Amino acid sequence: MEGFVAKHVHDYQNGRISRRRLIEILTLAATTAYGGEGAGAAESPGLDAALVNHVSYTCPDFRRAADWYSMVFNLDQIGATARDVALPFGKKGDKPYGVSAGDVPLTHVICRTRPVDAPPGNGSTRRQARAVIDHIAFTVADFDRERAKAQLSTLGVKNVRDGGPFSVYVNDPFGYEVQIAGLGVTAICGAEARAICSDNR
Amino acid sequence: MERFIADLVQGLDSGKIDRREFCKSVALAAAVYGAGDAARAQVQRGFKIIGINHMSYTCPDYAKARNWYASVLNMKSEATRDDGKRANLMFGPEPGKGGSFLVTRNPGSVASGSAGAKPGAEAVIDHVCYTIPNWDEARVRATLKAKGLNVTGRDGSLHVYDPFDYDVQIASAAEENAFRR
């Protein structure tokens, strides 16, 4: 328990977690460590998500969506069926950017057409989600906002909006919001970093 | 134009582009050249995608979602970006080096420039699949079960629901790979 507390206090003092998060963690630990649930309850490890494997994009016409994403992001379409197609972020044999592990495949988008309540791959009834991924942002190489806007215009993409100095927003053919950003847009955009990355996500 | 096509051929030979893309590029170049502007052909090839920068996840209680993704998928909440309405949860490579993040946000917490969550959209991302390296079926299942989750799916490709019934898939490289469809 002491080691657990020390670790999180260290994280707090180094700014990795907020005061509120520290309190939540320690409260949970303190109330479960000796409560008959097992001393390890608060430390139950999770799984290390290494990368997005794929996002499942469902729309009325997957071919039209796939063609749009292929055009804008220069993606191949592979493994097409009558209802879906995959668009990997690279060629076969490529490794994902920044990943050293050997068993992490390229991220891909699956464009598909199916009922929104289609079973989630296991035959059960899909639950009605109370959450939504309202936009997705893609990192692209050598991002420059003004150049990106010109490039999108050339590609025929309309309604391009600024998303801070380091990204732009567009809508795909089905009105889904897509953000395009550079590597400099990260989860860490504190006051000291605002000069180098967008605060608008 | 010759140089442009030579580069395309080199790309084809080296496997960087496939036959279909090669053909499309040449056809496009020819069309644009015919219009008097060969340089535009290269511009029109689209962006070079590196990865997913982030996903904006709107739900009734961002903190509950934040805690769930931090607990189940070991995502790291960036404390300086937690404003009581949203949080940034990092995973994968380091920020700025290919890392991604999930933004959990309450309704009404909308990024500048974004239209935010709008009902009635024609398209939806109905699930997200995360790769777990060093996959060990028994360990993965036991970990999820220890979190109190109902696990479905098949070996190497499992599904759980997050606190807001959003479908989350967790998979190994062997079972979920675009090139093995």
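Biologist: Which residue is the bridge partner of A:Ala137 in strand 1 of chain B?

Modeller: This is a predicted model, in which local features need pLDDT of at least 70, side-chain atom pairs count only at pLDDT 80 or more, and totals for chains, interfaces and linings use all residues. Residues are numbered from 1 along each chain as its sequence is written, while chains are lettered from A and ligands numbered from 1 in the order in which they are written. Strands (E, at least two residues) and helices (H or I, at least four) are DSSP runs numbered from the N terminus. In strand 1 of chain B, the partner of A:Ala137 is B:His54.

Biologist: Which element gives the most to the side of chain B that touches chain A?

Modeller: Two residues are in contact if their C-beta atoms, placed from the backbone, lie within 7 Å. The contact takes 93 residues from chain A and 89 residues from chain B. With 10 residues, the element that gives the most to the chain B side is strand 1 (residues 49–58).

Biologist: In which sense do strand 1 and strand 4 of chain B pair?

Modeller: The pairing extends over five bridges. B:Thr58 stands opposite B:Arg105 of strand 4. The sense of the pairing is parallel.

Biologist: Which residue stands opposite B:Val103 in strand 4 of chain B?

Modeller: Strand 3 of chain B (residues 86–91) is joined to strand 4 by six bridges, and the two run antiparallel. The residue opposite B:Val103 is B:Asn88.

Biologist: How many of the six residues of strand 4 of chain B are buried?

Modeller: A residue is buried if 20 or more other C-beta atoms lie within 10 Å of its own, exposed if 12 or fewer, and partly exposed in between, with C-beta atoms placed from the backbone. On one side B:Ser100, B:Leu102 and B:Thr104 are buried, and on the other B:Phe101, B:Val103 and B:Arg105. For strand 4 (residues 100–105), the count of buried residues is six.

Biologist: What is the mean pLDDT of chain B?

Modeller: The term pLDDT denotes the predictor's confidence in each residue, from 0 to 100. In chain B, 83% of the residues reach 70 or more. For the complex, the predictor gives an ipTM of 0.77 and a pTM of 0.77. The mean pLDDT of chain B is 86.

How values were computed:
Pairing = 2+ DSSP bridges.
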